[in-house]
Structure formats: structure tokens, C-alpha cells
Amino acid sequence: MTTTDMTRRPSRRPPASVGPLAVATIVALATAVMIPANANAQDSSAIPELFPAQNRLVAMGGSPTGQCFGAVSTSINPDAYPNSSSVGWAFGVLGVGPCDLTVTLSWKNLDTGATGEKTAHVPAPRISGGVPDPINHPYEAIMNTGGGPIEYTLITDGGAVAGPITITTPAHTG
């Protein structure tokens, strides 16, 4: 029998796959090591905000330019103000050149049908979160959702999607 008459048996090992949490871990760790924080550019305290948690949406993917990849997240506080929620943003986006990534948090009040959205822009690779980045004033984080169950979805123009999740905003009784 020659080797050309033999057939190769397929491997019995399952193909390796990397889940979203593993990718988020790799991105966060690589970013923290490669791009140290300084007062003017980066905020490494945002890294924990890039991991899944209660009342948080995390979307992972690339940018429309194809030059950046990473994770963006929104943490939603349903008790911000009467009949309102607030959003906190975090970004862990690596790459070169412009990212031009736009992130949109959409909400819908399931009782009243009211809708709205908040957007953030990631112009370049960055690690950041909260105020003042990407918002200039804490008031810009407030969403007048009304009381009741609110459905949230996070979408980037790079194709990443997270959600929907439903979080109840307490109705104002005063």
C-alpha cells in the first residue's frame, strides 16, 4: 500500500472557538498593557465597565472604517431622576487611524410606547468612560423614559448589537 492509497482520518478534536467574554477579556487586558493611562488621553478605570453585568449592555465589534475593534458598553441606572433613567458609557476600542464609530442606545417604554435614543461617537482608538467623555455634562446622560418597563438595545454603525434588555424605571409618585 502506498501513501497515496491511504486516507487521512479527520481530527477528533472539536474546533476551537472564542466566546465574546474571552474576546472582551483579551481586548481589555491588551489595551491596559499596551496603552497606559495618563491624565489627558485614556482612562483605564473604564475597563471593568466593559464586562457584562446587571443593567449593562456590551456590544463588541469593529468600526465602519475597519481600522478599529473593541467593546462599548452602556450601564443603565433606572433611578436617575423621577420617571427617568441615566446612561453611563465605556469604550475599549483598539486600532489605528480614525474609528468613526457611532454607538446608539435606543429605548422604548413598554407601557406607553414612548421611544428615544442617546448616541456617542468614538472618533479614534480609546479607553474611556463616563463624564466628560463622551458627554459634556451629566444632564446629557438623562433619558426621560417615564415609569414602567423600558426595553434597551445598543447598536453600533460597525454592526455590533447588544440587547434587548428590559429594566423597570420606578414611576414618580410625588
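Colleague: Let's start with Asn83: is this residue buried, partly exposed or exposed?
Modeller: A word on the basis first: this is a predicted model, where local features need pLDDT of at least 70, side-chain atom pairs count only at pLDDT 80 or more, and totals for chains, interfaces and linings use all residues. Residues are numbered from 1 along each chain as its sequence is written, and side-chain values use heavy atoms, with hydrogens and water left out. With a 1.4 Å probe and protein chains only, buried means under 20% relative accessible area, exposed means over 50%, and partly exposed lies in between. Asn83 has a relative accessible area of 27%, so its class is partly exposed.

Colleague: What is the phi of Asn83?
Modeller: Asn83 sits in the loop between S2 and S3, where strands (E, at least two residues) and helices (H or I, at least four) are DSSP runs numbered from the N terminus. For this residue, which is not a glycine, phi is positive, near 55°.

Colleague: Which other loop residue has a positive phi, near 50°?
Modeller: Look in the loop between S3 and S4.

Colleague: Which residue is joined to Cys99 by a disulfide?
Modeller: A disulfide is a covalent bond between the sulfur atoms of two cysteines, and here the pair is called from sulfur atoms within 2.5 Å. The structure holds one disulfide, with an S to S distance of 1.9 Å. It links distant parts of the chain, 31 residues apart, from Cys99 in the loop between S3 and S4 to a partner in strand S2. The partner of Cys99 is Cys68.

Colleague: Is that disulfide left-handed or right-handed?
Modeller: Both cysteines are buried, because relative accessibility is 4% for Cys68 and 0% for Cys99. The torsion about their S-S bond is about -75°, so the disulfide is left-handed.

Colleague: How far apart are the C-alpha atoms of Cys99 and Pro123?
Modeller: Cys99 is in the loop between S3 and S4. Along the chain, Cys99 and Pro123 are 24 residues apart, while their C-alpha atoms are separated by 5.2 Å.

Colleague: What order do the elements of the chain follow?
Modeller: The chain has one helix and nine strands. Read from the N terminus on, the order is α-β-β-β-β-β-β-β-β-β.

Colleague: How many residues does the largest nonpolar core have?
Modeller: Such a core is a set of buried Ala, Val, Leu, Ile, Met, Phe, Trp, Tyr and Cys residues joined through side-chain atoms within 4.5 Å. In this one, Val72, Trp89, Phe91, Leu105, Tyr152 and Leu154 have the most contacts, and the residue count is 24. The strands giving two or more residues to this core include S1 (56-62), S2 (68-81) and S3 (84-95).

Colleague: Which residue pairs with Trp89 through its aromatic ring?
Modeller: Ring centres of Phe, Tyr and Trp (its six-membered ring) must lie within 6.5 Å, and planes under 30 degrees apart count as stacked, over 60 as edge-to-face and the rest as tilted. The structure holds one aromatic pair, and its rings are stacked, at 6.3 Å centre to centre and 5° between the planes. Trp89 is buried because its relative accessible area is 5%. Its partner in the pair is Phe91.

Colleague: What is the volume of the largest cavity?
Modeller: On a 1 Å grid over the protein atoms alone, a cavity is a set of points where a 1.4 Å probe fits but cannot get out, and lining residues have an atom within 4 Å of a point. Grid points are joined across faces, edges and corners, and a volume is the space filled by probe spheres set on the points. The structure holds one cavity of 30 Å³ or more. Its lining includes Ala59, Phe69, Val93 and Thr156, and its volume is about 50 Å³.

Colleague: Which residue is joined to Gly163 by a cis peptide bond?
Modeller: Gly163 is found in strand S9 and is partly exposed, because its relative accessibility is 42%. Omega of the bond is about 10°, and the partner is Pro164.

Definitions and conventions: On a 1 Å grid over the protein atoms alone, a cavity is a set of points where a 1.4 Å probe fits but cannot get out, and a pocket is an open set with protein on both sides within 12 Å along at least five of seven lines; lining residues have an atom within 4 Å of a point.
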